[in-house]
Amino acid sequence: MREAKLVFLAFLLVCSLLQKVWSHGKQPLSKVNIHKATLSLLDLAHIKASPSLLGLQFQNASYLNPQYKITGKGFLKLQLINQRSDFSFALFSGGLSNPKLVAVSNKISFANPNAPVYPRLALGKSWNEMTVTWTSGYGISDAEPVVEWGPKGEDHVHSPAGTLTFTRDSLCGAPAKSVGWRDPGYIHTSYLKELRPNIIYEYKIGHRLNNGTYIWSKQYQFRAAPFPGQKSLQRVVIFGDMGKAEVDGSNEYNNFQQGSINTTQQLIQDLENIDMVFHIGDICYANGYISQWDQFTAQVEPIASVVPYMIASGNHERDWPGTGSFYGNMDSGGECGVLAETMFYVPASNRAKFWYSIDYGMFRFCVADTEHDWREGTEQYKFIEHCLASVDRQKQPWLIFVAHRVLGYSSCICYAEEGSFAEPMGRESLQKLWQKYKVDIAIYGHVHNYERTCPIYQNICTSEEKHNYKGTLNGTIHIVAGGGGASLSTFTYLKTIWSIFKDYDYGFVKLTAFDHSTLLFEYKKSRDGKVYDSFKISRDYRDILACAMDSCPSSTMAF
């Protein structure tokens, strides 16, 4: 018993020490040399797991028996999610570099490991289309994926779904193709079309088995999008770089996404006042450890199953050398975009090129992909200009540019040291588009803090106002909203005259369009959901038609 007690205590001590190790985006699992693990079973060490059969999930808070130092026994209650296979718990000694397996528990199974789980909504390519994506263990030869849906209180219909998956060969490198590999199951997407604006719809996801019976999820509901230009209360939350953490308190060692649970919980608590969410890159920081995507989709299910959960591509989803990424680093852990493109739907013409537009009532969102070249003359540049130029500002006055990396302005010390205060070449090509088409707000992630600029063009503030803007802005307000949950980024000590508000904390931003003339912007902290920064824009659409510097084409007198 004493030997087992010492092993258990050593395990706890290692985890405790590792919590203090600094990490800024390094996947904690990458530190474990699990491929070098050896057997070192001890007769006196024992792990028992119960119950042995679970439904969809089992959740409780974790705790340790306070007497474990004396008795050598400890107890934990954990959340397990359905990941299409059995679970066992293992006890290791030897540290991270030389793990030795000391004891293994009995197996814990799910009643139906193949069950449809974690539905996630996204807007389709037209305003009146909603897509539903989910994960299961059923391939196309096992069962037919289907969604049962319809207006609340009316007849429901069945719509089929397409099925995708991928193999190791689809990925680009280690750890995604090696120790991080895990069978992702099957990803299904159904397209619910010809929706009536602002109507509540009910739906459930399921599979028709070969014997004619059905497997169904519980019932969910969502509100269909408003018609483009429609006047109604429209509320959109935007943030980046959230990641995942353990809601049962059993945090990973070296946890660098500690704010993610607070952000998730704040959104869940305020879900009745949210119509759509944008998670603008660095989604779950799986970095090649594929099981983390199941963990993340389970975490955001209460949000993504109710409102559209739109994502953008970040460096931790896409970047890998020699794969067409604009940056040649290895931040994706070998995923090279495959996971993000498969696990979530976006209405891009080509999901390998993660740029797209969204029309939502009085909003037009132009979503860029900073992991592909955006400079003048590129395919993406042409898309961005078309997205900005084609909006009817009388009907959709609120024009928002969204991207992962900061292409505008940031006081992060990392950018200040380069002297650019943004991605190098970030705004050189795009600022003339923002100005010409009068983009109201540009929002970015990547830098893990919050910052708001004045309305700005070519490094010059175009207004001295800070909270109540009236008429044309004559520039674009740039926002960094990368404090979704990952380790915070420090600001430079240099004073930037264009920076109005900075916050070294976790949080998210919210846009509320009351009508065609009034937009409210709010920054909320994840710790309490309270507003810590805000401004309002009030104007008539004719203000947008008026020319400002570089916002209208030059003209000559006719003779």
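Trp 149, Tyr 201, Tyr 203, Tyr 220 and Phe 222 form one aromatic cluster. Rings of Phe, Tyr and Trp (its six-membered ring) pair if their centres lie within 6.5 Å; planes under 30 degrees apart count as stacked, over 60 as edge-to-face and the rest as tilted. By this rule there are 25 aromatic pairs.

This is a predicted model: local features need pLDDT of at least 70, side-chain atom pairs count only at pLDDT 80 or more, and totals for chains, interfaces and linings use all residues. Residues are numbered from 1 along each chain as its sequence is written, and side-chain values use heavy atoms, with hydrogens and water left out.

| Pair | Centre to centre | Angle between planes |
|---|---|---|
| Phe 256 and Tyr 285 | 5.4 Å | 90 degrees |
| Phe 326 and Tyr 327 | 5.3 Å | 80 degrees |

Phe 256 and Tyr 285 link distant parts of the chain, 29 residues apart. Phe 256 lies in the loop between β16 (234–239) and α3 (260–269). Tyr 285 lies in the loop between β17 (276–280) and α4 (291–304). Helices (H or I, at least four residues) and strands (E, at least two) are DSSP runs, numbered from the N terminus.

Buried means under 20% relative accessible area, exposed over 50%, partly exposed in between (1.4 Å probe, protein chains only). Phe 256 is buried at 1%. Tyr 285 is buried, also at 1%. Phe 326 is partly exposed at 24%, whereas Tyr 327 is buried at 17%.

The charged end of Arg 405 sits over the ring of Tyr 327, 3.5 Å from its centre. Here CZ of Arg (or NZ of Lys) must be within 6 Å of the ring centre and within 35 degrees of the ring normal.
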